[in-house]
Amino acid sequence: METGIAKAGTKPEAEDLNDPAYLKIRDVIYQISGIYQPEEKLYLLASRCARRMSVVKAKTPAEYLEHLTMRGNRDAELRLLLNEITIGETYMFRSPAQLEALRNVVLPRVLEAKKAMGFKRLHLWSAGCSTGEEAYTLAMFLLEESKKLLAGWSFDILATDLNDDSLAAAKAGIYGEYALRSTTGLLRQKYFNPHDEKRLQASDQLKSLVRFDRVNLNDDSRMTFLKGMDLVFCCNVLIYFDLNSKRKVVQHFYNNLLSGGYLFLGHAESLYQVDERFRLVHFPGVIGYWKPPLGYGGGGKS
Amino acid sequence: MSSLEKVRPTIEALEELPTVPAIVLPLTALLQQPPEQVDLDKVVELVSCDTTIAAQCLRMANSPLFGRKNTETVRCAILALGMKRIGAILMGCCLNQIVPPDKWVLDPVTFWRHCLGCALVSRRMAKLMGYPDPEKAYLAGLLHDLGILVNTIACPQEYRRCIQMARDERAPLDRSEEIHLGFTHCQSGRILGERWKFSADLITVIEFHHAPGLASGATPLAPLVHLSDLLCRLRNLGHGNYEALGVDLPGECAWAMLVEHYPALARMDLARLTMDIDGAMEEITTVVDTVFKPLPTGAP
């Protein structure tokens, strides 16, 4: 799931945005969930707050801030606000910059390191895969690269979620125009079959690359055995976890990744103060977290 | 002989090395003052001495970004835009005028977006890490790529090939400059900075922003601008070509150079800084587009 905050609705009045409570709400959200909004985009946050404010009958942003920080149901309210922030933005090929980075920087590095060790298979994990859009996007991307960058390589994708309904939908692989809006005609033709008048279904070839499974990211015993990953994708899932759970899950991701592997989060998410072992790496238009090999000290490059 | 001295005769022999526009030196002095100490009358005077620049300021002040209409005087425009923006607009406009419109090889709008982006990020990082002169960091960020203007004016044909190679190979510009020109914009920029009598700090930034580890002396500005430049190139504020980069900023030599004197840098929330840069994109784009896109016929 990806955050929809960048596409949120209407611009509240300019004078409302000057209310310092919005900055405080922004900071509370960042501190608790790791989702950040720059000052210039506060109007998007304000429009998402406005919906919740009308539900809880908060008259001012300051009053709503109280709902998020002081009232007994503050955890539930924060969760509802996060739902507003991340609503409805799950679709395939949501992040072209991420795929470009995979193609041009990340995969060449990972492949080189694995090749040196004699491996020719890649393992990807979409953690918190919801209805499967991200996993199928990765599958299409890898298939398209299979005669170029990935010639001679095999790959598999593990896609996990806690929600049985989401997993059932993901396994069925039936998608409408909304989910497919950034998928080109050529890719639709290659990897989907008509399902009904308005929807397409993922082909068997696409489905064969993705293994869907029910996994609770908080379940230590399951998490311990998902080793050997090269790339982990976990978009807008950790935002719902408290700090301790977040740290524990990220620790599992770290342990389950091979040295030199990468973790990608949602585009407004950060691991600041959650983890210090991953290295934040900037790629054009996207950031990722890298598990450095043992003994990597950083420094020295000019 | 240092590599600069090897290429100096080549660069100095280039025809058409630009002379310093009249307002650049007073402007660099102005830009290094805290905005609240700047003498408004002096700014009005500077802006008014060039009709094109005055028109650009009025146009900017009347743009939807500032929500103002009918700003008719230069003084009102300056007040509407704020001193920090005026400085960048002025510097951009007057440097822009040294390149004839038909000689631009890079898109000027892309180029100025990068410079303004780098200026803003340099100032932001300077404040976060506790560098005492953020305005100087801003100016250094704004001017670090001066050499690109030199190369554009002095050898446009060869420069076109350089830029094409950087695009084709998804490589940084300075690498393809070395191959095609035998010198980089860092070196040509330094020579112009010397001619224009810029301060030693600024000249060091211009020469070493791609290799701050080679800079002698202890100015933190070169490593600071190096990191800001990298960040901008990684956040869609580069020179318009895709660079296949994966950068661990704290792994950069520049980072280590800064952290030694500014330990607050090590605690900086880099993900947040990155998202702030993305947030500032809209304003950067609007400012630069409004100032540098050609004026429609009949506009003031």
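## Exercises on a predicted two-chain model

β3(A) and strand β5 (residues 200–202) of chain A pair in the antiparallel sense over two bridges. Before we start: this is a predicted model, in which local features need pLDDT of at least 70, side-chain atom pairs count only at pLDDT 80 or more, and totals for chains, interfaces and linings use all residues. Residues are numbered from 1 along each chain as its sequence is written, while chains are lettered from A and ligands numbered from 1 in the order in which they are written.

**Exercise 1.** Describe how α14(B) and α15(B) cross.

*Solution.* 
- Step 1: The axes (lines fitted to C-alpha atoms over the stretch in contact, with angles from 0 to 180 degrees between N-to-C directions) of α14 (residues 221–234) and α15 (residues 253–261) of chain B come within 9 Å and cross at roughly 135°.
- Step 2: Angles under 35 degrees count as roughly parallel, over 145 as roughly antiparallel, 65 to 115 as roughly perpendicular and the rest as oblique; α14(B) and α15(B) are therefore oblique to each other.
- Step 3: Now find the contacts (C-beta atoms, placed from the backbone, within 7 Å): B:P223, B:L224, B:H226 and B:L227 in α14(B) meet B:A254, B:W255, B:M257 and B:L258 in α15(B).
- Step 4: Sort them by class (Ala, Val, Leu, Ile, Met, Phe, Trp, Tyr, Cys and Pro nonpolar; Asp, Glu, Lys and Arg charged; the others, Gly among them, polar), and this contact has seven nonpolar, one polar and no charged residues.

**Exercise 2.** Find which element gives the most to the side of chain A that touches chain B.

*Solution.* 
- Step 1: The contact joins 26 residues of chain A to 33 residues of chain B.
- Step 2: α6 (96–116), β9 (279–283) and β10 (286–290) of chain A each supply at least two residues of that side.
- Step 3: β9(A) gives the most, with five residues.

Note on methods. Helix = DSSP H or I, 4+ residues; strand = E, 2+ residues; numbered from the N terminus. Contact = placed C-beta atoms within 7 Å. Pairing = 2+ DSSP bridges.
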